[in-house]
Amino acid sequence: MRAQGDEERDGERLSAAEIGAELGERATLVQFSSAFCQPCRATRRTLDEVARMVEGVAHVEIDAEARLELVRALGVDRTPTVLVLDAAGRVVRRAAGQPRTVDVIAALGAAV
């Protein structure tokens, strides 16, 4: 997972209303998925596991096809894409493709 370093996206924030769910107390893992994406299923399991392991972390899955406006606004170009948000909803990390559990936990370090 890479740091959110794209200058035009620096400081980008997402609200509970935008993602359609409450933000986690400490961090939120936002996953963009599509219906027939096999890596998306594995990513869902990984992010659910991490959210259960780390107190105050929420996992929110968003159907990319149903939320095209948000997908375009965030520059999501493939699924799965995972955004790590801090408690205030600021995007601090981003990854495309299926992440490893260890990488997700390490990325949470930047959010909490």
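**Entry 1: Ala 64**

I began with Ala 64 in this predicted model, and, leaving aside its neighbours within four places in sequence, I found Ala 64 in contact with Ser 33, Val 71 and Thr 79. I then looked up where Ala 64 sits, and found this residue in the loop between strand 3 (57–63) and helix 3 (68–74). Is Ala 64 buried or exposed? Its relative accessible area is 9%, and because buried means under 20%, I noted Ala 64 as buried. I also looked up the separation of Ala 64 from Ala 35, which is 29 residues apart from Ala 64 along the chain, and the C-alpha atoms of the two are separated by 8.8 Å.

**Entry 2: Thr 28**

Next I turned to Thr 28, which I located in strand 2, a strand made of residues 27–33. I noted Thr 28 as buried, since its relative accessible area is 0%. Which backbone nitrogen lies 2.7 Å from a polar atom of the side chain of Thr 28? I found that this nitrogen belongs to Gly 24. When I set aside the neighbours within four places in sequence, I found Thr 28 in contact with Ile 19, Leu 23, Ala 58, Val 60, Leu 83, Val 84 and Leu 85.

**Entry 3: Asp 86**

I looked up Asp 86 and found this residue in strand 4, which covers residues 81–86. Asp 86 has a relative accessible area of 11%, and I therefore wrote it down as buried. I followed the side chain of Asp 86 to the backbone nitrogen of Ala 88, which it reaches at 3.0 Å, and to the backbone nitrogen of Arg 90, which it reaches at 2.9 Å. Apart from neighbours within four places in sequence, the residues I found in contact with Asp 86 are Arg 13, Arg 26, Ala 27, Val 92 and Ala 111.

**Entry 4: helix 2 and helix 4**

Last, I looked at helix 2 (residues 38–53) and helix 4 (residues 101–108), whose axes come within 10 Å and cross at roughly 50 degrees. Why did I call the two helices oblique to each other? An angle under 35 degrees would count as roughly parallel and one of 65 to 115 as roughly perpendicular, so at roughly 50 degrees helix 2 and helix 4 are oblique. I noted the crossing of helix 2 and helix 4 as right-handed. On the helix 2 side I listed Thr 46, Leu 47, Glu 49, Val 50 and Met 53, which meet Thr 101, Val 104, Ile 105 and Leu 108 in helix 4. I sorted the residues of this contact into 6 nonpolar, 2 polar and 1 charged.

Key: Residues are numbered from 1 along each chain as its sequence is written. This is a predicted model: local features need pLDDT of at least 70, side-chain atom pairs count only at pLDDT 80 or more; totals for chains, interfaces and linings use all residues. Side-chain values use heavy atoms; hydrogens and water are left out. Helices (H or I, at least four residues) and strands (E, at least two) are DSSP runs, numbered from the N terminus. Buried means under 20% relative accessible area, exposed over 50%, partly exposed in between (1.4 Å probe, protein chains only). A polar contact is a pair of N or O atoms within 3.5 Å; within protein, one must be able to donate a hydrogen and the other to accept it, and residues adjacent in sequence count only if both atoms are side-chain atoms. Contact means heavy atoms within 4.5 Å. Axes are lines fitted to C-alpha atoms, for helices over the stretch in contact, and angles run from 0 to 180 degrees between N-to-C directions. Angles under 35 degrees count as roughly parallel, over 145 as roughly antiparallel, 65 to 115 as roughly perpendicular and the rest as oblique. A crossing is left-handed if the near helix is turned anticlockwise from the far one by less than a right angle, and right-handed if clockwise. Ala, Val, Leu, Ile, Met, Phe, Trp, Tyr, Cys and Pro count as nonpolar, Asp, Glu, Lys and Arg as charged, and the others, Gly among them, as polar.
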